[in-house]
Amino acid sequence: MNLLNKSLLQTSAYINGQFVSTPKTFEIHNPYNGKTIAEVSDCGISETEQAIQAASKAFKVWRKYSAGKRARILKKWYQLQLNNLEDLALILTTEQGKPLAESKGEIKYGASFVEWFAEEARRIYGDTIPGHAGDKRIMTIKQPIGVVGAITPWNFPSAMITRKVAPALAAGCTVVIKPSELTPLSALALAVLAEEAGFPPGVFNIITTQDAPSVGNTMTSSPLIRKISFTGSTAVGKLLLKQSADTIKKVSLELGGNAPFIVFDDADIDKAVDGAIAAKYRNAGQTCICANRIFAQAGIYDTFINKFSSKVKELELGNGIDPQVIVGPMIEEKAIKFVEQVVEDAQGKGAEILTGGQRHGESQTLLYQPTVIGNATTDMEVFRKEIFGPVAPIFKFETEEEVIEMANDTNYGLASYFYGRDYARIWRVAEALEYGMVGINTGMISTTVAPFGGVKESGFGREGSKYGIDDYVEIKYMCWGGVE
Ligand code: ADP
């Protein structure tokens with residue numbers, strides 16, 4: 001990798017302010033060509049326990065820093081991320097595959113949480129409450145919850161860390177992070193910059209491992225960890241929630257989605273096409289807020305699928321390092337196999353492949369063609385399962401009631417989208433969708449300033465916005481008596 005700042009490419013875990021290597025390591029691969037990029041420390045239970053101990057000790061120090069002092073260190077970390085934007089993006093694309101322009105976008109998006117929560121650190125206000133008796137006065141204060149265990153996925157290897165860690169650190173918590181075994185290099189690069197920013201030892205720790213279940217269990221069973229914040233699959237989220245029950249930890253879960261993307265007859269079709277492409281093919285369809293099911297109303301169905309398919313055909317597939325590439329490789333063989341299977345299932349049940357529908361070139365490649373499927377129906381797997389790949393099934397609907405019912409017919413409830421102009425319907429539909437987030441006439445909804453999160457089996461807790469810090473603080477109330 002041709003980095004300007006070579007020190008950003010770290011392969012050792014980061015515990016108590018030290019990069020710590022282990023005798024056992026595991027390989028990290030470039031998903032575009034399968035080449036080994038690095039060998040990374042493979043930590044186990046004992047390193048995880050050391051990190052938890054270090055974070056617990058550091059908590060006593062860090063929580064006492066003034067909000068302003070914590071904010072200054074966070075701001076420095078933010079600035080360092082921007083100063084190293086090119087290198088961080090290159091590391092990200094090399095280990096994850098997404099196009100370089102998207103990686104730069106992710107680094108800026110990730111850094112924006114650090115800036116935002118550096119500012120929020122000074123605004124963790126309490127209340128004064130009129131007392132319930134003449135001699136009573138009541139006040140509340142918000143205090144950091146303690147050591148936070150953060151478990152993050154491979155699809156946003158940098159931003160999913162900053163989105164959790166920035167509010168935690170701003171509140172005065174310390175963190176032990178377990179990044180995905182597929183993409184630990186972006187996490188370790190953030191550690192290099194965290195050290196340079198001046199976080200005291202033990203405040204920020206990273207455990208790299210191939211053994212997620214053991215490290216996860218060590219985190220959830222430790223009484224020293226007071227909070228688990230997880231982004232990933234619903235299955236693992238349920239497991240972590242169960243494991244956290246014995247020590248009654250506060251838990252935030254950002255899990256899978258099955259986003260509807262609805263286009264009503266009165267929509268601006270060209271804008272809806274562009275919005276659907278943005279919401280579907282970003283990161284090769286591998287985001288939890290990707291449009292999973294596109295519903296087009298009968299009056300515009302043909303126009304929509306024609307315009308949409310012809311634009312999708314033009315999306316350049318290839319190596320994320322090449323500037324013209326819009327869709328990169330998928331993350332691993334398991335993921336592309338799953339996509340092949342759901343496309344086959346849809347075809348078997350009468351769907352029409354309008355473009356794409358297979359792997360690109362040789363059988364060992366992780367490139368899957370941007371695909372559009374027409375005549376999709378609710379008995380197909382693509383209706384229920386999170387596709388997590390560059391495949392867009394399009395369903396035809398007649399009425400508003402019918403589409404709301406189909407859209408809500410899922411256990412998930414993360415993102416949803418719709419396009420239309422009738423303002424009364426916009427309110428009705430936005431209120432009726434059982435989702436944590438609704439994009440109205442837009443396919444791009446992620447921003448630091450808004451609360452990101454889901455309902456139903458998509459999880460709970462909100463990341464970003466003025467609410468993001470709530471997950472990392474406890475409210476304590478003080479009742480003052482004897483005020484005669
Ligand atoms: P995906 O299907 O998107 O890879 P996962 O839920 O498997 O999502 O992975 C998200 C994160 O959860 C990764 O960091 C992964 O290592 C971690 N993980 C997977 N299984 C477990 C587990 N049993 N305990 C704790 N963490 C886990």
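**Notes on the ligand pocket and cavities**

1. Helix H8 (234-243) gives the largest share of the lining of the largest pocket, with six residues. Helices here are DSSP runs of H or I with at least four residues, strands are E runs of at least two, and both are numbered from the N terminus. A pocket is found on a 1 Å grid over the protein atoms alone, as an open set of points with protein on both sides within 12 Å along at least five of seven lines; lining residues have an atom within 4 Å of a point.

2. A word on the basis: this is a predicted model, in which local features need pLDDT of at least 70 and side-chain atom pairs count only at pLDDT 80 or more, while totals for chains, interfaces and linings use all residues. Residues are numbered from 1 along each chain as its sequence is written, and side-chain values use heavy atoms, with hydrogens and water left out.

3. The largest pocket has a volume of about 1000 Å³, where a volume is the space filled by probe spheres set on grid points joined across faces, edges and corners. Its lining counts 38 residues, and Trp154, Gly232, Ser233, Val236 and Lys334 lie nearest the centre. H7, E10, H8 and helix H11 (333-348) are the elements that give two or more residues to this lining. By class, the lining has 21 nonpolar, 11 polar and six charged residues; Ala, Val, Leu, Ile, Met, Phe, Trp, Tyr, Cys and Pro count as nonpolar, Asp, Glu, Lys and Arg as charged, and the others, Gly among them, as polar.

4. The ligand takes up the space of this largest pocket (a molecule sits in a pocket if more than half of its atoms lie within 2 Å of the grid points). Around the ligand are 17 residues, with Thr152, Trp154, Lys178, Glu181 and Ser233 the closest; a residue is near if one of its heavy atoms lies within 4 Å. Helix H7 (212-221), strand E10 (225-231) and H8 each supply at least two residues of this shell. Nine of the shell residues are nonpolar, six polar and two charged.

5. Ligand oxygen atoms lie 2.6 Å from a polar side-chain atom of Glu181 and 2.6 Å from a side-chain N or O atom of Ser233. For Lys178, the distance from a side-chain N or O atom to a ligand oxygen is 2.9 Å. The protein covers 79% of the 550 Å² of accessible area that the ligand has on its own, by the Shrake-Rupley method with a 1.4 Å probe.

6. There are also two cavities of 30 Å³ or more; a cavity is a set of points where a 1.4 Å probe fits but cannot get out. The largest cavity holds about 40 Å³ of space, and its lining includes Lys164, Ser229, Phe230 and Arg462. Strand E11 (250-254) gives the most to that lining, with three residues. Nonpolar, polar and charged residues number four each there.

7. The second largest cavity has about 30 Å³ of space. Among the residues lining this cavity are Tyr14, Glu195, Phe199 and Val203. Its lining divides into seven nonpolar, two polar and one charged.

How values were computed:
A polar contact is a pair of N or O atoms within 3.5 Å; within protein, one must be able to donate a hydrogen and the other to accept it, and residues adjacent in sequence count only if both atoms are side-chain atoms.
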